[in-house]
Amino acid sequence: ARAVLDRALAAAATARAAELELLVWTRLLRHELFAGQPARAIEWRPFALAAAARAGRDGAEIDGIAGEALRNTGQLVAARERLRRALASRDPLRGDQRALIEMNLGSVELAAGKSLVARPALEHAHDVARSVNGVGHPSLAIYLDKLAECDRARGNLRAALARHDESVALRTAAFGSSDRAVATALYHRAETALEA
């Protein structure tokens, strides 16, 4: 996939297809983030933003990905700045994109020990994702896990466990009990149960 993305990026740049080049940069940065290479997503951000400028965009999605990468590497101040920039952008964002950026911003605040600031952002992100994807959509599980993490940080372990149970149920219904996503949700629940 990475090799094909590289070829697509070169072809889009050669053809001066600015919108397509921006789309490919977005996919490439997200690929690197999911492949466990957040440093590459951070390093390549300026090149992707240049493509966004050529397409007449601010690069909100690029900043959202870079913000998530910065959060993953513990650079919370820079992550907060990128995610806020993404949310303030004039670029059109789908509801699910906005929800993901808001969730990552809430996660930054949570990692900084600011659970009171994180909670409204995480709740709003969950509400937006639920309205876009529907009540039983498995993507809601990640929002529930973050809200559970927030509940745990505030000492409300009963609420945290209930959210984890809902997350496990959503993922199990969508993917079956042997899926990696279910195992991840169970792991997060076990962390909370150990603390309880």
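This is a predicted model: local features need pLDDT of at least 70, side-chain atom pairs count only at pLDDT 80 or more; totals for chains, interfaces and linings use all residues.
Residues are numbered from 1 along each chain as its sequence is written, and side-chain values use heavy atoms, with hydrogens and water left out. Local features need pLDDT of at least 70, side-chain atom pairs count only at pLDDT 80 or more, and totals for chains, interfaces and linings use all residues.

A search of the whole structure turns up two aromatic pairs (rings of Phe, Tyr and Trp, the last by its six-membered ring, with centres within 6.5 Å; planes under 30 degrees apart are stacked, over 60 edge-to-face, the rest tilted). Trp25 and Trp44 have ring centres 6.5 Å apart and planes at 70 degrees, so they sit edge-to-face. Trp25 lies in helix α2 (residues 18-34), while Trp44 is in the loop between α3 (38-43) and α4 (45-54), 19 residues apart (helices are DSSP runs of H or I, at least four residues, numbered from the N terminus). Trp25 also pairs with Phe47: the centres are 6.4 Å apart and the planes at 15 degrees, so this pair is stacked. Phe47 belongs to helix α4, 22 residues from Trp25. Together, Trp25, Trp44 and Phe47 make one aromatic cluster. Trp25 and Trp44 are both buried (under 20% relative accessible area; exposed is over 50%, partly exposed in between, with a 1.4 Å probe and protein chains only).

Now for helix α6. Here Leu76, Ala79, Arg80, Leu83, Ala86 and Leu87 are buried.

Note on methods: Helices (H or I, at least four residues) and strands (E, at least two) are DSSP runs, numbered from the N terminus.
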